[in-house]
Amino acid sequence: MSSLSIRRVCPTIFLTGPEEHLRQRVLLTVANGGPAISARVRVELPGGAWEECSLAPLPPGESTHDLYFEALEQPARVMFTLLASAEVCDRREVLWQPPRRWRVHLVQRSHHDVGYTDLASHVLRQHDEFLGSVIEMAAATRHFPDDAQFRVVVEQAWSLDHFLRHAPAERRARMLALLRSGHVELTALFGNLTTEICGSESLVRALYHASRIRRAHGIPILTAEHNDVPGMSWGLCQILTEAGIRLFCPALPRYYSWGSADQQLPSFWDDARLFPQGQPGAFWWEAPSGKRVLLYDNFGVGGDVRPALPGLAERLAELAERGYPFSAIRWPVAGGARDNAPYVEGYAHTAREWNERWTYPRLICSTNARFYADFAREIPDDLPVFRGELPGQDYPIGATSTAAGTAVSRATHAGLQAAETLAAVATAATGATYPAERLFAAYEDVLWYDEHTWGHHFPCGPTAAAAELEKSVHAHRAAALTHDVLNQAMARLADRVCLEGDGFHLVVFNPLPYARTGPVSTPMREFDNCGSTLVPVDDKEGSYLRGVLLGDRWHAHPPADLVAGQFDLIEVATGEVVPYQLVEVTAPDETVPYAPQRAGLGHGSRRYGLFEIPTGLRRDLRFVATDVPACGYRTYRLAPREAPPTPSPGPVVRRTPAVMELENEFYRVRLCGESGRFLSILDKELGWELLDPEAPHAFGDLLVRGPLGDEFRPGPARVEQGASGAVCASVHRTGSAHGHPGIRQTVTLYRGLKRIDFAVRVLKDPTPLLDAHLAFPFRVEDARFRYEGALSVMTPIHDFLPGSYSDTLAVQSWVRAGNDERSVVWCSRDAPMVSLGGLWPGYVSPAHRCVVGERAAHPPLTPEALRQGWIYSNLCANNFGTNFSVSQCGSLLFRYAFTSCRGEVADADAARFGREVALPLETIFTEGGKAPTLPPVAGFLRLEGDGVTLLACKRAEDDRGWILRLWNVTAAPTTAQVCFGLGPIRGVALTSIVEEDQGEALPVERDRFAVPLPPRGVVTVRVW
């Protein structure tokens, strides 16, 4: 009988039987060197127990047999004895591990990648169909055992929101029932966003679509997903924790391992450090405020698109062998091998059939929330905690592949906050109807533009062109809606200011919650709003309806004598004559918004041959408005006179054959008269030369790189004097660079203001694959950088997740480069991406790059690399082979401002300067006469508190009072003292970040109350 032997004993993951008497399936392989024979196997268990079972007649050769014996609870040595008749043929002792009680949560979702698989407008309708089919599939499986009933997760809110808006009432009611029962789960975020380029408040609004559904229908929202985007802003963690999200399960693609072996790059973060027990895994992600959300990373599991789940058992066994420490596992599945796939019923049938056979692994047709309820019981006390941002290197830089739209969207992030604040003020002060839905639509368009899908998967051909236009329209529509709300609010307020006499007045508005002094620049002919309202008009021939743009009037356009400068500018409240100047827009490459249209229309004759001559479009009125009240305004009268006033001295421009010099009280800027090169920017107060002569690139140089790292520097530039007058002076620099045949730069100094404005208009040709960067090489030795991200203030690398790449970073309104002696605070109004300390190679993955050059392979930057105060603004990037644009052309405008200070500038001070640049003073003309009730100077909301930023002042979503959202940008706790002028206060209470009451009332003293803010914290309050 010695011809019988045990070859292998293989434990399986399968358990069967009741919970209290589980038996494990074991595969026993036996070799028989003789004829077929009957045999038995005895299994000796710990404690002397044993079990014996007969084997079917063993055929000659090897055969494998199923055994089932009691599932062990502890590791032990188990003896297997092979017997034939009474003879022992072979024995094998095995070190046995207790089997895992696997609970496999099959989470079915459709990856929301709008526009990647079809035009975005088509994908929206497809998801309507997919969600409609869910209703039938849930009904078909409602009698299945609970774990096998059909369930899905709606990955992002945009699809369900669209479905609920457009479905018939009966279908909508059935979907809502599934949401309440938990068979369909809605996650928290609007979409898979490029969160690093979102504005701080627009990132908050990514929660509002889901919260609207929750508020209206009682839907629980406990989890969030962020898929297909290998990058996450730290502010995302901030909003999730403030919204009470329990589980965050991003699907971060490992794009860097794609491609051939010679193209594979290190991961975008340090997997080994983040997940010391292997992956999938989890850690606590801690927000800047110190609050935490559980992050569960599914890397390596799931992804099934076949409902039969082939290979599932083998993959679970491999996970157990690798040491996955939990019994509950989230297993993402999909209905097809495509983004935007339909949902399918097959997983429910697989789960029912599987569970009828096996007790464990237990397949659960699940949702994120059901998985979290199970997994939370296994979270160890020592689960790692990590703080910081994961700076994306693909999608944020990909946004610059359509730089024009991205610039519009970035400006709208700030503009929307101004529009919303002034709409609230107009509603409170004049009884205007608050434009809640128009503001919501504008924020939705902003979110659509920041959504990660930038275009069609193949960026060439008619579909790619259509996808790019569909993307772009979101940015421009959001801007138009913002302009509409802002102008209607300002007109409503301005027309109710008490004015002395007739004539034109200009009302200057400050959307920030503190009084400020700043530059004003406004066209002498306003841009028309996007929508008109029909109002009744009576004349001698009867009544009719007339369309007007500003609620009850058209824009007020100054007449020709005022456009020509024949007026004194008088501050109404004090009677002070304010210096001003008119700056001409004569060419399409001027560095002001809409220069081509303004230069063209401004030279035209009467519009339609009948109406006004729009000469005013060619002229900007510029002056410095002093002490404009917080969230308020100051009024100026354009008092006619026969000739323009004699200008008072302002900043000066001096020119010799060798040097062009621009100077005000604070700075002296010098350029070479022959080459146009910037020679010096001197801070006269500090005696500090701002420009670093040792930098590899000169200030203002437009640097162009090819796909293989070739660098093209600009040629010589022509310098000429620009504006010069009582308020400001400027110098223009005109040149060209490879792929950019026209580059016009303007540096501007204002009287009495310590800031330098710098603007560049680039005419880009369609040369593909190029990226372009603007150099700001500041002389700051041993620089320490700080910058504002979305709802976060960070020190690069220190405040990033381990192993993050930081060649390019998305910044909000400011970057500070400083040391103990001095600092520069730099702001970009239009371009979100920067490289700090140097112009780094970039780290776009092989999944998106068109040409992967050698420079792509490099380790992450270290803090030592960021010792120079050099800032590079990344304007355009087009080395892309999928999703993003491979080429762009046209006229692009980028605007900047910076200032210099003694010592290291505090976050609070940098944030204030950045906000003033991002949210400039706004203006509107009025001729008055609309039931005047308001004084010529007024403020409506003031905040006092170091480092307190007002993110939102708005009407509550449920219309119960006003919502204020405050952010403490500092690392110390602070208290915001709020002086509230939007009406009498009956009460103030804390809410969540999505305006859900938290019950904690704050004391009120007349029109004032105090709001405590934790370090780096965001607090939302309701005032009624």
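Leu160, Phe163 and Leu164 of helix H2 make contact, defined as heavy atoms within 4.5 Å, with Arg171, Arg172, Met175, Leu176 and Leu179 of helix H3. The structure is a predicted model, in which local features need pLDDT of at least 70 and side-chain atom pairs count only at pLDDT 80 or more, whereas totals for chains, interfaces and linings use all residues. Residues are numbered from 1 along each chain as its sequence is written, and side-chain values use heavy atoms, with hydrogens and water left out. Helices (H or I, at least four residues) and strands (E, at least two) are DSSP runs numbered from the N terminus.

The axes of H2 (residues 157–166) and H3 (residues 169–181) come within 8 Å and cross at roughly 140°; axes are lines fitted to C-alpha atoms, for helices over the stretch in contact, and angles run from 0 to 180 degrees between N-to-C directions. H2 and H3 are therefore oblique to each other, given that angles under 35 degrees count as roughly parallel, over 145 as roughly antiparallel, 65 to 115 as roughly perpendicular and the rest as oblique. The crossing of H2 past H3 is left-handed, a term used if the near helix is turned anticlockwise from the far one by less than a right angle, with right-handed used if clockwise.

H2 is also one of the elements against which the buried residues of helix H5 pack, the others being strand E10 (184–186), helix H4 (200–205), helix H13 (436–450), strand E49 (948–955) and strand E50 (962–968). These residues of H5 (residues 208–217) are Tyr208, His209, Ala210, Ser211 and Ile213, where buried means under 20% relative accessible area, exposed over 50% and partly exposed in between (1.4 Å probe, protein chains only). H5 is followed by Gly218, which has a positive phi near 70°.

In helix H9 (residues 346–357), the buried residues are Tyr347, Ala348, Thr350, Ala351, Trp354 and Asn355. Because they cover an arc of only 160° around the axis, they lie on the same side of H9, the arc being that of the directions from the helix axis to the C-beta atoms. On the other side of H9, Glu353, Glu356 and Arg357 are exposed. The buried residues pack against several elements, among them helix H8 (312–322) and strand E15 (328–333).

Helix H12 (residues 403–430) packs with helix H14 (residues 462–494) at an angle of about 30°, with their axes 8 Å apart. That angle makes H12 roughly parallel to H14, and H12 passes H14 in a left-handed crossing.
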